[in-house]
Amino acid sequence: MAKYKMHVLVCGGTGCHASESDTLLDNLKTIVADKGLDNEVQVIATGCFGFCEKGPIVKIMPDNTFYTQVSPADAREIVEEHLIKGRKVNRLLYVDPENKEHISDSKHMGFYKKQLRIALRNCGFIDPENIDEYISRDGYEALAKCLTEMTPQQVIEEMKKSGLRGRGGGGFSTGLKWEITSKSVSDIKYVVCNADEGDPGAFMDRSILEGDPHSVIEAMAICGYCIGASYGLVYIRAEYPLAIDRLKTAINQAREYGLLGNDILGTGFAFDIELRYGAGAFVCGEETALIHSMEGLRGEPTVKPPFPSVSGYYEKPTNVNNVETFANVPVIINKGADWFASIGTEKSKGTKVFALAGKINNVGLIEVPMGTTLREVIYEIGGGIKDGKKFKAVQTGGPSGGCLTEKHLDTPIDYDNLLASGSMMGSGGMIVMDEDDCMVSMAKFYLDFTVEESCGKCSPCRIGNKRLYEILDKITQGKGTRDDIDSLRNLSYVIKDTALCGLGQTSPNPVLSTIDNFWDEYIEHVTDKKCRSGQCKALLQYYIDPENCVGCTACARNCPVNAISGERKGIHVIDQATCIKCGACLEKCKFNAVFIK
Amino acid sequence: MGQVKSLADLRKIKEELQGKMSLREKSNNPESLVQVKVAMATCGIASGAKQVMDFFIEEFDKRNIQAVVTQTGCMGYCFAEPTVEVTLPGKEPVVFGYVDTRKADDIIEKYVKNGELVEGIIPVNYETIEKK
Ligand SMILES: Cc1cc2nc3c(=O)[nH]c(=O)nc-3n(C[C@H](O)[C@H](O)[C@H](O)COP(=O)(O)O)c2cc1C
Ligand code: FES
Ligand code: FES
C-alpha cells in the first residue's frame, strides 16, 4: 500500500462545488500524478469546512495549511511550490481582516479558534464517499456498542442523561422523545430524519449530509434499535442534489458492509433506510406536515396531539429528528453522556451549529459550545462587522425568531437565554445587521417569507400574516400611524395564540421583537416619516448641497419628473413635492452635491 | 471488503486505516507531538532531503513514536543542507544541519527519545512571525 506523506483536502461542499472545486480537484490529481507524487500525496474531496465565503478551500495536512479562494488554475503552483518544495503559496493564504496578516495555519485563524466541532467533527476531515474513513473515526462503533452491549432502555437512559435537545428548532429532549416512541405499542414503527431545512439562510443540515452522511445513518439505526423500528426515512428537499447523492452512496456502502439490512452485526437487528423527496416548502419541515407529504398528501400540518411518537407515518409511531440532532448521537454513545453533558450550559448541552451570515467578515458555518456569547461569535469567530460599520442587531431563529441587540451581546447562547431575550435558537440561522439595515424592513422581509410559505389551512396564519405584512408595508411607505404599531402588536398576539401550527404561532416574532427592541425606529417611521438607515426609499428626501453644486445641470436634465430647477452655473434645488425619489440625480452628479436625508 | 459481522471486524477496518488517517488526526494537534520539519527547497532536495524525510516518516512509524513530519521551504542554511528542524513537545525548536539518514537515526535515538543533543546543531538566527 502506498504510504502517503501528505493529504490534500479539497472542499467538495455545495458552496465550493459551485466555484469549480471539482475541476480544481481533478487538476490537483492530474498534476500530482504527472509529477510522480501519487504514492506520497493523496488528494481527497471532503465535506464543507465551514468557511464557504472564502471557498474553494484547500487544506494541506500535516502542516494545516489553509488555502482560500483557490481556482483550478492554482493547482500547479500548489503542487510545484508547496507539495514539492515545501514553500507555502502566500497569496492563497487567509488574510486576517484586522491586521491584514497572512495566516499560514488554520489553528491560528480566529474563525476556528473558538469552535468546538462535534456534529461537524468529520466535515472537511474525511472523504464522505468512503465508509472506511468514517469507520476509522470510530464510525459505526456506537451502533455496534448499542446492539451488542446495551439494551434499548440503556441507550435511551444514556441519551436522556446526555441532555441532548432537538436541533431542529423545538429543543425537545431527544432521549425523552425516543422513550415515548419506544413505549408506543405497534407492529411497525418508523425513524424519520428531517432534512427539510427550510429556514432561509440555514445550510447546516445540508453540510452534514454532504460531509458526513454516515453519522446520520448510524444514528438513525441506533434510534431504530431503541424504539423498535426497522424502517428509516430521510425527508430531504429535492434541491439538495449533492446531499442526496452522498447519502445514497453512503446508504449503499452501509448495506454492502452489512451495517444496514437484515441481521446487522450478527445481532438479528434489521434496519434499512429510504429517501423521500420534498419540494422545498417551509411548512413541510413541520413534522406533521412532513409526514403528510411523505404519505403523498398535501404538506399540511395537523393539530398535535396526537404526536408523531404515537401516531405518525401511516398512523404508526414515528420518531422525527433533525439531521444535526442525529449527527450528535454516535459521539454521545462513544464518549458517554457525561462527557457530552460537561459541554454547554445547565439546560442546553453540547454544541450548536450556526450559519453565520449578513454584514460580517467571516460568513460561514460554525459550531460552538452552548453558552458561547454572541459577542464571541460575532467578533472573534465572525471577525467583526464588515467595512468597519457599527453593529446593530443579530437575527436568530429565522422567520420564527427575533433580533437581539447590543445589550444582548454578552448573553450566553442557549435555548432558554435566547427565548428569554425575545428570540430563539431555531435551526441556527444567524444574520448580522449593521447600521445600514432598517429593522422595519427586516420584519417585513420575514413576513413576506411567511405569507409565501403559509399553507393556508388556518385563517389566523393565512389572513393575519397578510395583514401584518400590509401594515409593515404601509409604514415603510411613510403612510403609517401610531395606531398601526398598536395594531401590529395586537394582531401578532392573536396570530400567535390561534394559529394551527408552529409556522403561524411563531411568524409574528420578528415583528414583536423589532417593536420591542427598536421602538424608536418604528416611531420615527410613523411620526417623523424618516428611516435612519436609508432603506425605506419612500421616506428619503433628496437635497442639493449649495456648497458643492456647480450648476452643471446634469441632475435637472436627468430628472424624469422635472423636479429640479436652477440656472446654468447657478445653484439647483429639488422640489420635494414633485420628487419621486428615483435617485437619478444622485447617480448623475459628479460633484457629490446630491445627498439623502 | 466483505460484510462487517462483528465489532471485531469493525475494529479491524479501523486499524487498517489507522496509518492513513493518523496523518490527519495527528496534524490536528501537532503541539503535543514530536514535529520534524525538513527543508525541501531546491538546495535541500539536491542534497538528499527527500530520502531523509522518507527515513524519518518510516522510522517514527517503525519505532512507534508519535510524530508529524512536514516539509518546509529553504530555512536559509543552504551551506548545511539537508537541514531539519525538530520540535519536542513543550520545547524550543532545534535545527540540525548536514542530516543524512545515519544522522537522522542518531537524532531519533538520542534527541527525540532521550533529549540528548547531537552534533550539528545550528543556532536559530531568525524569529518566527508568531513570536513577534
Ligand atoms: C414551520 C416549521 C418548520 C420547521 N422546519 C424544520 C426543518 O426544516 N427542519 C427540522 O429539522 N425541523 C423543522 N421544524 C421542527 C420539526 O417540526 C420538528 O420539531 C423537528 O424536526 C424535530 O426534530 P428534533 O427534535 O431533532 O429537533 C419545523 C417546525 C415548524 C413549525
Ligand atoms: S462549501 Fe467549501 S467551505 Fe463550505
Ligand atoms: S401554516 Fe401552520 S399556521 Fe399557517
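Visitor: Among contacts in chain B between residues at least 6 apart in sequence, what percentage join residues at least 24 apart?
Guide: In this predicted model, chain B has 132 residues, of which 47% are buried. Its secondary structure amounts to 4 helices and 5 strands. For contacts between chain B residues at least 6 apart in sequence, the share that joins residues at least 24 apart is 63%.

Visitor: What pattern does chain B follow along the sequence?
Guide: Chain B exposes about 6,900 Å², with carbon and sulfur atoms supplying 51% of that area. The helices and strands of the chain number 4 and 5 respectively. Read along the sequence, they give the pattern α-β-α-α-β-β-β-α-β.

Visitor: Are the rings of B:Phe56 and B:Phe60 stacked or edge-to-face?
Guide: Both B:Phe56 and B:Phe60 are buried. They belong to helix 3 (residues 49-62) of chain B, where a spacing of 4 residues separates them by about one helical turn. In an α-helix there are 3.6 residues a turn, so residues three or four places apart point the same way. The ring centres of B:Phe56 and B:Phe60 are 5.7 Å apart and the planes lie at 25°, so the pair is stacked.

Visitor: How many aromatic pairs does the structure hold over all chains, and of what kind is the pair of A:Phe66 and A:Tyr112?
Guide: The structure holds 18 aromatic pairs over all chains. For A:Phe66 and A:Tyr112, the ring centres are 5.5 Å apart and the planes are at 65°; planes over 60 degrees apart count as edge-to-face. This pair links distant parts of the chain, with A:Phe66 in strand 4 (residues 65-67) and A:Tyr112 in helix 4 (residues 110-113) of chain A, 46 residues apart. The total is therefore 18, and the pair is edge-to-face.

Visitor: Over the ring of which residue does the charged end of A:Arg206 sit?
Guide: Chain A also has a lysine over an aromatic face, A:Lys352, at 5.8 Å from the ring centre of A:Phe354. For A:Arg206, the charged end is 5.7 Å from the centre of the ring over which it sits, that of A:Tyr240.

Visitor: Is A:Val283 buried or exposed?
Guide: A:Val283 is found in the loop between strand 10 (269-278) and helix 12 (287-294) of chain A. Leaving aside residues up to four places away in sequence, A:Val283 touches several residues, including A:Pro301, A:Cys455, A:Cys501 and A:Leu503. A:Gly198 is 85 residues away from A:Val283 in sequence, yet their C-alpha atoms are 7.7 Å apart. Its relative accessibility is 6%, and the cut-off is under 20%, so A:Val283 counts as buried.

Visitor: Which residues make a nonpolar surface patch with A:Phe172?
Guide: A:Phe172 lies in the loop between helix 7 (152-162) and helix 8 (174-183) of chain A. With a relative accessible area of 42%, A:Phe172 is partly exposed. The patch has an area of about 320 Å², and the residues that make it with A:Phe172 are A:Leu176, A:Ile180 and A:Val310.

Visitor: Which residue follows helix 22 of chain A?
Guide: Helix 22 (residues 519-528) has buried residues, among them A:Tyr522, A:Ile523 and A:Val526. Their cover includes strand 14 (391-396) and helix 18 (459-476) of chain A. The residue that follows helix 22 has a positive phi, near 50°, and is A:Lys529.

How values were computed. Residues are numbered from 1 along each chain as its sequence is written. Chains are lettered from A and ligands numbered from 1 in the order in which they are written. This is a predicted model: local features need pLDDT of at least 70, side-chain atom pairs count only at pLDDT 80 or more; totals for chains, interfaces and linings use all residues. Side-chain values use heavy atoms; hydrogens and water are left out. Buried means under 20% relative accessible area, exposed over 50%, partly exposed in between (1.4 Å probe, protein chains only). Helices (H or I, at least four residues) and strands (E, at least two) are DSSP runs, numbered from the N terminus. Contact means heavy atoms within 4.5 Å. Patches are made of residues with over 30% relative accessible area and no salt bridge: like charges are joined within 9 Å, nonpolar side chains (Val, Leu, Ile, Met, Phe, Trp, Tyr) within 5 Å. Accessible areas come from the Shrake-Rupley method with a 1.4 Å probe; for residues, only the protein chains shown count as cover. A salt bridge is a side-chain nitrogen of Lys or Arg within 4 Å of a carboxyl oxygen of Asp or Glu. Rings of Phe, Tyr and Trp (its six-membered ring) pair if their centres lie within 6.5 Å; planes under 30 degrees apart count as stacked, over 60 as edge-to-face and the rest as tilted. A charge sits over a ring if NZ of Lys or CZ of Arg is within 6 Å of the ring centre and within 35 degrees of the ring normal.
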